[in-house]
Each structure stands twice: as structure tokens, then as C-alpha cells.
Amino acid sequence: MRIAVISDVHGNRLALEAVEASIAMVGVDATINLGDLFAGPLDPVGTADLLIERNYPTVIGNHDRYIADGLRSSSKAPVDAFVSERLRPVHLDYLRSLPATRDIEGEVFLCHGTPDSDEEPWLDGWWSDRTVTMPGEASVTAKAEGLDFPVLLCGHTHVSRIVRLRDGRLVVNPGSVGLQFNYGAPDARYAVLERHGGQWSASIRAVPYDFEAAAQQVIANGFPHWAEAIRTGWASAIGLF
Amino acid sequence: MRIAVLSDVHGNLEALDAVLDDVAGQGVEATVALGDFLSGPSDPVGVADRLIELGLPSVRGNHDRYITDGREKDWHIDALVRGLLDERQHRWLGSVPATLLLEGDVFLCHGTPRDDNTSFMDTMVGTIPTMHPRDYIEAEAVGFDHEVLLCGHTHVPRSLRLADGRLVVNPGSVGLPMEIGSPDARYAIIEKRRAGWNTELRAVAYDHAAAAKQALDKGYPVWAEALTWGWASPKRL
């Protein structure tokens, strides 16, 4: 069994299409999505149309929730406001239909941030003083407590990592399809899970795509400060949203 | 062009053989190795024999250099391995170059292009594993104008793209996971497609308990712990 895991597309349809082409070459039984689908000043409507058509098993991300519930005012969250203005009722209904967590056949557990929160980072300590830091074992393990699944998946931090807990459970963050920050590569990220003889393993993929075309979208849409993140993958996440 | 990239085996034959087995199913045209082959207690002689038999395009690591040349403050494990190798194995280790340029414009080094004991992308700030800043990484790559720069040494898998589009890839460690939270063996596959070089960072589950037992039997409990959990700090080894 082989499963592709995507997360944090953030409205970047060009990156999503490149990742889907890569997944098609790998050959998988299913693709699953960990949320933050449309929130980016790139092509939120094109991304929404494509993801609704695909209907991958998906969990809701924190930005999806903000948009679906109209939680953030336009002055405080210009990106979420930009996206909300463009999405149609069918797109919002889709976001509202997504669960916060779910599992695939009792084997693979999906959440956006941690099992308890779509805003909390799990496998990275990102902006605690330094960007991209490996958290300690105690904090990583505590968040997995009580979840009896061989594979636990999370997104949100945009930093890809594969961790195996002492009891053998795998915790994987595939990184972000559409918005790279803090760690130095514009390439789109996703993960592939494979089960051989009852044992799950994982790999992280980095896929080049036409990120200059994506950078032109954010500039044309009036969000030039996103261009550095899209082009280099080095921009800080602070101030993007 | 599809290439498997192995690094930092550190004397772990169980992990190396599991990775080679995984590579065999991946349809690669070449396999390369980035050094620190032998410095570890599990089965350094077995690893030497396996690598001599395979004859992979390789560069040497800082610990390979220490085994060959010695140094003032010897790592205990380097002295141990130095004593275990026979003349043929020593000759092979001494013959591995510091850097290598492959066909397809792929450059191999252990640490950075200039130094086998300098980290390229990842570092520690106090006890926290994190990344070097962008300017530092760009500066270490200046003058090495190749499509792909492959490095090891940090044991942290990473795929990074420099400002001018060059790719820097660290496959992580085959045989000694540190500060990474997983005992699985790591390696990478890079592949050139129409849109450019793709990277795959693979984690392979293997019989790490067997490798840990070898380390324990030889009197290296801290190594056994590192091999079992993957959380050990390099400062403890």
C-alpha cells in the first residue's frame, strides 16, 4: 500500500499541479490532504475547483477554518480576506464539510497541527527564537498520547520531517506543497507512505515547479512580500498572513 | 539521470544492507557514497568489505581521514577501527578522494566543498538543532558551480536550492541517526527531469535492534541508544 500525503497547498495551483504530476509518476493507491487549502494570494479559486474535483480525504487547516467561519477581519488578515472575497459558496461549503481529524482504515491518522489543535506545531519548534528547530522527544511524544494508529500525520509548520516514536509509531509532516518558508528551497514538498509486511515507512519529496510564475501571481494580486517566500523558500512566516 | 546518495554509514552493516536492498528496487543508474564509512562499533570491517566489493563513486569523510592519518585528540572509535582494518582495507580507505565530480555535473563532498569537518546546512545553537543562515550556506557554495552539490556530515537530511538554482542535498545518515527522532536509515535519490532536479529523502526501517546489540556487545551503550531511538546528541558520542 502506498499513500501520497500533501499539505498546506495555500492556494498555489501551479505547485499542486507539479506535485500531482510527480505523484502520478510514483503511482499511489490514495492521496490525502492535511489542510490549509486555499489561503494564499495566488490562485485560491483555481485551487478550490481542483481540490473539490479531486475530493481527496482531507482535514481542515487553521486558515481554512478562519475563512469558513469568517473569523478574521480584513484589516488584521489581508490574505484570508483576499481569499474569502473570491471564493464562491460551493467552496466555503466544502471547507465547512471538512473534519478537524480523521483516519484511513484505522492505520493512518490525519490532523493539521496536532491532534488537539490546528494552530499548534508538532514536529518543529519553528519561530521559537530560531527558525526551523528540532523539538525535543518529550514534547513530540506527548502530543501522540492515546492515538493508537501506526502512522500519525501533521502539517501546519511547512517543515517536512519523519519521526519514529519509541513504540514504533511513525509521525510524518510532508512539508508544504505551495508555500515554502524558513528553510531555503522554493520546491514543492510532499510525502509518500509505504507499507511493506505490516511495517510503514516514509519518504519526503521535493519537486521543482515554475515558482517564478507563482511569484508573478502574488505580485499581480498585490502581495509583493510573498514573492521572496515563493522564489527562495527563505522568507520568515511572520507577516505573511 | 537517477542517482542514489548514501552517507555516514558509520560502521553499521545492518543499515547499509537494508538501504542497498531498498536502492535495488528504485531503478537508479548509479549509487554514490559521501564518507564517514567506518567509524562506529557495530561492524566496521564488514562495511569496509562491502564497500570495497561495491566500488561506489565515493568521497572520504573527516572520520575516514582520522582513521587513515591519525590526529592528536583521537576519537576512541577511530582508534578502534584503525586497529581492526587489515592492510587492504586501509589501502582502500586511504585511496578515497576528498571531493569528486560526477558526469551530469553532480559534485560530491563530505562536509562542505572546502572542508570535510564543516557543516553546510544544519548546525546546533546550544543544544538546539537548527539551520545555518542563508548567507552562510550561499558563501560555502561560492566557486562550486555545479548543478548539484551533495554533502553529508551533519546526519540531517535536507534538500535546499541556492539563489542561482543549484541544488544542495544532504541524504542524512545511513547508519547513525542523531537528533532526528527516528532510528530509520536515511538516504536520498536525486533525479533530473525536464523541470530540473527532484529530491527524494527516504527513511528505511531496518533491524536497528541488531545493530544496537552489536554496539552494546562491544561496550558502546551510548551508541546502542543512538541506534535504537535516533535522538542522541553528537556530543555524547
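This is a predicted model: local features need pLDDT of at least 70, side-chain atom pairs count only at pLDDT 80 or more; totals for chains, interfaces and linings use all residues.
User: In what order do the eight strands of the open sheet follow one another?

Analyst: Strands of a sheet pair through backbone hydrogen bonds, either parallel or antiparallel. Strands (E, at least two residues) and helices (H or I, at least four residues) are DSSP runs numbered from the N terminus, and two strands pair if DSSP finds at least two bridges between them. In this model the eight strands take the order β2(A)-β1(A)-β8(A)-β9(A)-β11(B)-β10(B)-β1(B)-β2(B), with mixed pairing. Because β2 (30–33) of chain A and β2 (30–33) of chain B each have a single partner strand, they stand at the edges, and one side of each is left without a neighbour in the sheet. Neighbouring strands of this sheet are turned by 25 degrees against each other on average, direction ignored.

User: How are individual strands of that sheet joined, and by how many bridges?

Analyst: Within chain A, β8(A) and β9(A) pair in the antiparallel sense over nine bridges, and A:Ala188 stands opposite A:Val207 in β9(A). These two strands form a hairpin with two residues between them, and A:Gly197 in the turn has a positive phi of about 55 degrees.

User: Which elements of chain A give residues to the side that touches chain B?

Analyst: Two residues are in contact if their C-beta atoms, placed from the backbone, lie within 7 Å. The contact takes 27 residues from chain A and 30 residues from chain B. On the chain A side, the elements giving two or more residues are α6 (137–142), β6 (161–164) and β9 of chain A, and β9(A) gives the most, with eight residues. That side divides into 15 nonpolar, six polar and six charged residues, where Ala, Val, Leu, Ile, Met, Phe, Trp, Tyr, Cys and Pro count as nonpolar, Asp, Glu, Lys and Arg as charged, and the others, Gly among them, as polar.

User: Is B:Arg88 buried or exposed, and what is the case for helix α3 of chain A?

Analyst: A residue is buried if 20 or more other C-beta atoms lie within 10 Å of its own, exposed if 12 or fewer, and partly exposed in between, with C-beta atoms placed from the backbone. B:Arg88, which lies in helix α5 (residues 87–95) of chain B, is exposed because 11 other C-beta atoms are within 10 Å. Helix α3 (residues 62–69) of chain A, by contrast, is mostly covered, with six of its eight residues buried, among them A:His63 and A:Tyr66. The buried residues of α3(A) pack against α4 (78–86) and α5 (89–96) of chain A.

User: At what angle do α7 and α8 of chain B pack?

Analyst: Two packed helices are described by the angle between their axes and the distance between the axes. Axes are lines fitted to C-alpha atoms, for helices over the stretch in contact, and angles run from 0 to 180 degrees between N-to-C directions. Helix α7 (residues 208–217) and helix α8 (residues 221–229) of chain B pack at about 170 degrees, with their axes 7 Å apart. That makes α7(B) roughly antiparallel to α8(B), since angles under 35 degrees count as roughly parallel, over 145 as roughly antiparallel, 65 to 115 as roughly perpendicular and the rest as oblique. By class, their contact has nine nonpolar, two polar and no charged residues.

Conventions
Residues are numbered from 1 along each chain as its sequence is written. Chains are lettered from A and ligands numbered from 1 in the order in which they are written.
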